[in-house]
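Visitor: I'm new to this one. Could you walk me through how to read it?

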Amino acid sequence: MSGANRIPGAGRLTPAKTARFSFDGKSYAALEGDTVASALLANGVHLVGRSFKYHRPRGIVSAGAEEPNALIGVERDAARKQPNVRATVQDVFDGMKVISQNRWPSLAFDVGAVSNLLSPFLAAGFYYKTFMWPKQAWKHVYEPQIRAAAGLGVSPTEDDTDHYSSRYAHCDVLVIGAGVAGLSAALAAAKTGARVIICDEQAEVGGALHFDKSVTVNGLEGFTWAQATAADLAQMENVTVLPRTTAFGYYAQNFVALSERVTEHLAKPDRKLPRERLWQVRAKRVIIATGAIERHMVFANNDRPGIMLASAARTFLNHFGVAVGKKIGVYTANDSAYEAAFDLKRAGITVAAIVDSREKPGEAVLAEARKLGIEVLAGHAVVDTAGKLRVASMSVARNGGGRARSIAIDALLVSAGWTPSVHMFSQSRGKVAYDFESQRFLPGTYAQDCLSVGACNGTNDLQATIEESLAAGELMSNASGFTATQKIEIHGGNAFAWTGGMAGAAEGAGPDTTVKAFIDFQNDVCAKDIRLAVREGMHSIEHIKRFTTNGMATDQGKLSNIHGLAIAAETLGREIPKVGLTTFRAPYTPVTFGTLINHSRGELFDPTRKTPMHALEEQMGAVFEDVGQWKRAWYYPRAGEDMHQAVNRECKTVRDVAGIFDASTLGKIEVVGPDAAQFLNLIYTNSWDTLKPGRCRYGIMLREDGFVYDDGVVGRMAEDRFHVTTTTGGAARVMNHMEDYLQTEFPHLNVWLTSATEQWAVIAVQGPKARDIIAPLVEGIDLSNEAFPHMSVREGKICGVPTRLFRMSFTGETGFEVNVPADFGPAVWAAIWAQAEPMGACAYGTETMHILRAEKGYIIVGQDTDGTVTPDDASLGWAVGKKKPDFVGIRGLRRPDLVADGRKQLVGLLTKDPNVVLEEGAQIVVDPNQALPMTMIGHVTSAYWSENCGRSIALALVAGGKAKLGQTLYVPMPDRTIAVEVSDMVFFDKEGGRING
Amino acid sequence: MADLIGADLATRTPPLAGFHGGSGAASLSAATPATRLSLRAKPDAVSALSLALGLSLPTRSKTSASGHGRHALWLGPDEWLVIDENGADLTTAVASSGVLHSATDISHRNTAVIVKGRGAEVAINGGCPQDLSLAVFPVGACSRTVLGKAEIVLLRTAEDTFRVECWRSFAPYVSGLLNEAAEDAGN
């Protein structure tokens, strides 16, 4: 037996297919297809959680996505725990562990419930008013305490062992929702041959047909017709049917995000399957068929377990075969709840009374109630309820006062009417319009190519819904270029047309009362809280929402928004549309982080770029550092060496013997065309006309504002071909910068740019022995100083493969940069290393490269410059062509501030104590004894221990720095003040003879 | 000096060498090394360059021309990616055109993954937002687009086969993402 409240013969589940699960440690039986909610109700469990603020006992309110109360934790194992799952949408699987939330020590006895007694002091806006003074207390007392008390559920602490996937899809017509409306629309669209995707958040299609058993379609019970129609659609090649798939976000140009729950309902999912799949659908047209959500009645103590939406009780009976009580009451302002009473009565359940706030209920339902012998109390109200952990009675009184009569019940079904689900429409930036006649917001002005049909469009009648949906399916297909070839006939019928409905507080919870009549269950917002907000000066619904937190819980006010709005409007004495509706935002229902990031985790979080020689460098013991997406060899420690020792050795070895270095990540751009030199003249500050083929030049490029943007060596391969290099980090943006100017400012030039960064593997060989190392491997290039001087480039062969060999140096030593097509990188690296190692040379990494260049005063753009440095500030004024008529940044350089005295200039710093290494970023002052806050005149940009100089060296940006040569400045640190002397930027081989060795 | 030359001819280490992956729905393999050219030219040079290459350079977006293992992919109004699977010297070929153009050898810059199978579309759509249905992206269609966080050039070589070109350092990411997506395409 799968629960004492299961009615034999009722529902659509198979009694033989059972599953066991536990709730707070207690084991229960369920049927396959049960939700946690239906299974608990089958076992008579109504109490499933505690409310957020007052810790009041709460039960299951709904049977769907709108559930505000029944939030549970679901555990598969230690790593796979999901908090805040709605019990009404989570399928039970065998072995499932369910835990309740927001209670301690237990659900039935919760210490936090003391806040219910303190509730007079916890009015809306309580936080804003109470935790204001003293100011310091916010940081140290209030915030930590509130944070500890806030939050729902417990996050898992282990890594998620599930995986998630992603899929982009395109279609002609996307149908959101697979009830009568959605299925009809999808069928009409599919028959035209259009590509159709139809999704529905529930495990099975059907929507309201889950509960509404009185509906027949084409002679079948509505739900049966829905399944058959979905099966037909799934068979069609042009249709994708996605159950368990929620459309949660509607973005620009009909881009709709769906979350498909693939394995969430399975006891032992195939590990190859993703847990969830994100669909990103681009639809030519969208049909929104999202139905409507029933509202609860707002009256005193309307939140006890056992009080639920009438349609939910009907779903539990008609779909899951579960009676939510043995003696139920109904409190409604609307005809639809009557049908819940009828269904339960026919299933043998006692219906104590239908309390209808209206004087005149619909005549048809009234007649049927009479026929079934159900007492109807029209013009009455439920003014209170009683019962500790489950409702035990309702107090019923005539509208307008009079003695209340207590009626014993164990469940109370409520309905204040139906709210059209305009979430998707509103997310599409459509504007809703208030319909005064039916008192609801309906789709008004469309902003995208979509159409709402059925209940979400305010269409009540079944056949009207079908006709409207068929027409929409055809219309939207036509708009996508397809035409209908056959007429589709769908005929529906139902038992009763529904009338009625109300919004706002019911009898006994009106303006003069202080009862707890809840509108937002999850955030514990009552009718009186809305009124308080208005009294305190909140007149906009946006302010009222934030003051009271109404609609701000994870259910986003699916039940509460309209009630809150109606009460606010009443209190303000204004019409509802004048008060406005808050904006609907994605996601429609909560989406897991796993779905959102899907494949982007671990190795696939971000591309990790490795150079062609990476594996060889790894074998040589390199430690790597991240430079953007690149992995670069940082240093090569030998046995027993720490980083400091390894780097000191590498620095010495390069200057004493030689070193080899992987420079492949440097950006490379091939600039080709008859106007190539002219283009470079415009992009760089230097002049390029005079550069002969076979020679190289160091170039600087500026932004329009005159500040240094990037630098690098450019080799002229031929009259019409340049090999441009950029910084590693600048590769992509320099290419874009150049392309941008070429296309917008210089489109008349015959020149083209191609990124060649990854075409070439680059091996720098630097040091006195550099030539000896490569000489045996090079063919067709005279390497002598005379034939191949510093800043030259030649094409030839190395190890038998083509090379662009550069004679250049970022170390101040004799240097070569060997460029070979990238696939040959590892073999050439190995061949060079085989030459270099016996000579005592080393491989060196980026750290040594940084130190060696600093010893020579070579800047790194982005480290020694920060976007506010001119060439002159960096002592690179020599690289600006004085006679050039134009280049990017030439006007910027003439701005008064850029030529003013006292600009920050790049200089060297030598600490008075040569053993002290400054910290990069440290601030510099003139007088260390001045009062705080001190006047800072600059900061350290680069600082290293230089083994070659036998002391520390540093570069710094200092106001008026060049005029301060030889002066003593100070670097105040937390523990001491460091005295430094301003020097020039070259610390090693000041004459610069080594480079031409 | 010369004694080393020839004897120690450097060998190639292509990215993705020997790579195989995917699923029954979509198999993945590394494309064989090919020569590639980034070709840039103005409209008046198209016919001469076409003659030099032995195939007519496409001039409409999302189209390509193929023949004898050689493909020319339209990437922009003045830009083509030319691939020769037989390793022909493309630079010399276009140089013979005698018209103004820019040719840059990018044989080693790019590498490619071949995605093949009934689930190939779905696998690529795991990270690529383009509409890959046959009607919209027919055989021969090509596009410079994205796969997750990497740029790719996509070419449909058969109804069930795509060539996914990417820069070499992105190959582990591109093949890794395709591998997961190909797995899911089989579900």
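Predicted model: local features only at pLDDT ≥ 70, side-chain atom pairs only at ≥ 80, totals over all residues.

Visitor: Which domains make up chain B?

Guide: The assignment gives domain 1 (18–33 + 110–187) and domain 2 (34–106). Notice that domain 1 of chain B is written as two segments. The C-alpha centres of domain 1 and domain 2 of chain B are 23 Å apart. Their contact draws on 11 residues from domain 1 of chain B and 13 residues from domain 2 of chain B. On the domain 1 side, strand 9 (142–147) and strand 10 (150–158) of chain B each supply at least two residues, and strand 9 of chain B gives the most, with three residues. By class, that side has six nonpolar, four polar and one charged residues.

Visitor: And how is chain A divided?

Guide: Chain A has domain 1 (18–124), domain 2 (166–292 + 420–493), domain 3 (510–579) and domain 4 (901–996). The centres of domain 3 and domain 4 of chain A, taken over C-alpha atoms, are separated by 63 Å.

Visitor: How do I read an interface, and how many residues of chain B are in contact with chain A?

Guide: The size of an interface is often given as the accessible area lost when the parts come together. Here we can count residues instead: 44 of chain B are in contact with 43 of chain A. Strand 3 (35–40), strand 7 (102–105) and helix 4 (171–185) of chain B each bring at least two residues to the chain B side. Helix 4 of chain B gives the most, with seven. Sorted by class, that side holds 17 nonpolar, 16 polar and 11 charged residues.

Visitor: What about the inside? Which residues of the largest nonpolar core touch the most other members?

Guide: In soluble globular proteins, nonpolar side chains tend to be buried together. The largest nonpolar core has 237 residues, and A:Ile287, A:Val828, B:Val164 and B:Val174 touch the most other members. Helix 5 (residues 180–190) of chain A gives the most to this core, with nine residues. Apart from it lies another core, of 106 residues, including A:Tyr28 and A:Ala569.

Definitions and conventions. Residues numbered from 1 in each chain as written. Chains lettered and ligands numbered in written order. Contact = placed C-beta atoms within 7 Å. Helix = DSSP H or I, 4+ residues; strand = E, 2+ residues; numbered from the N terminus. Nonpolar A, V, L, I, M, F, W, Y, C, P; charged D, E, K, R; others polar. Domains from an automatic or database assignment. Core = buried A, V, L, I, M, F, W, Y, C linked by C-beta atoms within 7 Å. Buried ≥ 20, exposed ≤ 12 C-beta atoms within 10 Å, placed from the backbone.
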